[in-house]
Amino acid sequence: MRTALITGITGQDGLYLTEFLLAKGYAVHGLVSPRGEATGELDGLVEESHLHRGDLTDLASLMRTLRRCEPDEVYNLGALSSVSYSFDNAHETSSVTGMGALNLLEAVRLHTESDPGRIRVYQASSSEMFGKAQAAVQDERTLLWPRSPYGVAKVFAHYMTINYRESYGMHASTGILFNHESPRRGPEFVTRKISQGVARIHAGLQDHLTLGNIDVERDWGFAGDYVEAMWLMLQQDLPDDYVVATGRSHSIRDFLDLAFGHVGIEDWTPYVRQDKRFMRPAEVDRVVGDASKAERVLGWRPTVDFSQLVAMMVEHDLSIV
Ligand code: NDP
Ligand code: GDR
């Protein structure tokens, strides 16, 4: 039986990856941050003794966790992952999202010194690294131009992962994942904010939704599809970097069209307000990924398209409102 350690196990991707790896027969361990709680759907899924208190900013806690679970694979999903939060908390975000990844790489290096490559590492890189995109469609070779403290921290973690691979022979891969969403997405992200808002408006619990810039475009996929790509990367003989995306971008206006359309509202303009509070000091206007390498090498393809994703999220929020 193989053993996996997931940092960020309490997050959206952590839960999907846990389910995916358990179905493959893995023993799944998770790092739970001091303020984190393994409640909700994670409760009962993972043995309590497999949940380890620790913090990406605390190297000793990472070393201790590696000793306790002796993983074959480590998935570094832990991060302060909100772009908007990072503008007001640049130092904290750099410490967790950037330095935290370095701490984990260092912990794995020290733990496997006599046999580098014994533990395979996945680093959660992000399309936010492309920022002011330098190509119409972004792939693994596109120049990085991050536009937020979060994006800068992810660039640091990304290159540090590549550097540890090249310097120490570690089996460390990065997945440059474009936005992926689900009914488990945190409500601070725009897609879930909209799906929850639409459900509440439909139920008569609120009369409008306040957003920031709704002209931006993102390449949105389904989180359940994307965790499979993470796993596939660690099954390859050689570590590498892969873009994971659907190859299609849509604006927030498109998302609003489908989400409100799902509850029979054709004209959503009376229900949506805009406020500077939700606008960012620097914005990522449009990203769209070319995942042809992931398809060619890993055999990975998304199974859920944009309209199915929106419907899935709105349906879920209608069912719990
Ligand atoms: P979430 O924000 O849902 O989850 C982040 C996880 O990180 C939570 O479990 C959180 O735990 C944990 N965490 C936060 N701070 C620390 C810390 N100091 N030490 C240990 N763990 C910590 O993110 P997602 O699941 O959506 O994303 C997973 C990863 O993929 C993240 O690194 C994100 O930046 C990256 N990514 C996500 C994309 C997306 O579209 N979802 C796209 C590209 C990359 P707690 O809150 O309990 O502290
Ligand atoms: P993003 O996701 O920044 O792409 O980061 P988010 O959903 O926060 O924003 C997407 C776009 O929507 C615009 N927007 C709003 N955003 C939020 N959160 N709230 C609003 O009210 C709102 N109105 C408009 C934003 O300006 C932005 O352009 C996500 C995170 O999961 C990262 O961790 C991950 O790395 C990237 O996706 C890829």
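## Exercises on a predicted model

The end C-alpha atoms of residues 5–313 lie 28 Å apart, and this span is 39% helix and 15% strand. Helices (H or I, at least four residues) and strands (E, at least two) are DSSP runs, numbered from the N terminus. In an unreviewed entry, UniProt lists residues 5–313 as "domain: NAD(P)-binding". UniProt positions follow the numbering used here, feature names are shortened, and annotations may be inferred rather than shown by experiment.

This is a predicted model: local features need pLDDT of at least 70, side-chain atom pairs count only at pLDDT 80 or more, and totals for chains, interfaces and linings use all residues. Residues are numbered from 1 along each chain as its sequence is written, while chains are lettered from A and ligands numbered from 1 in the order in which they are written.

**Exercise 1.** Find the strand order of the open sheet.

*Solution.* 
- Seven strands pair in parallel, in the order E3-E2-E1-E4-E5-E6-E11. Two strands pair if DSSP finds at least two bridges between them.
- Strand E3 (51–53) and strand E11 (241–244) are the edges, each pairing on one side only.
- From one strand to the next, the twist averages 20°.
- Look inside the sheet: four bridges join E1 (residues 3–7) to E4 (residues 73–76). Leu5 has Val74 of E4 as its bridge partner.

**Exercise 2.** How do H6 and helix H8 (residues 252–262) cross?

*Solution.* 
- Their axes come within 10 Å and cross at roughly 30°. Axes are lines fitted to C-alpha atoms, for helices over the stretch in contact, and angles run from 0 to 180 degrees between N-to-C directions.
- H6 and H8 are therefore roughly parallel to each other. Angles under 35 degrees count as roughly parallel, over 145 as roughly antiparallel, 65 to 115 as roughly perpendicular and the rest as oblique.
- The contact includes Val190 and Ile194 of H6, and Phe255 and Leu256 of H8.

Notes. Contact = placed C-beta atoms within 7 Å.
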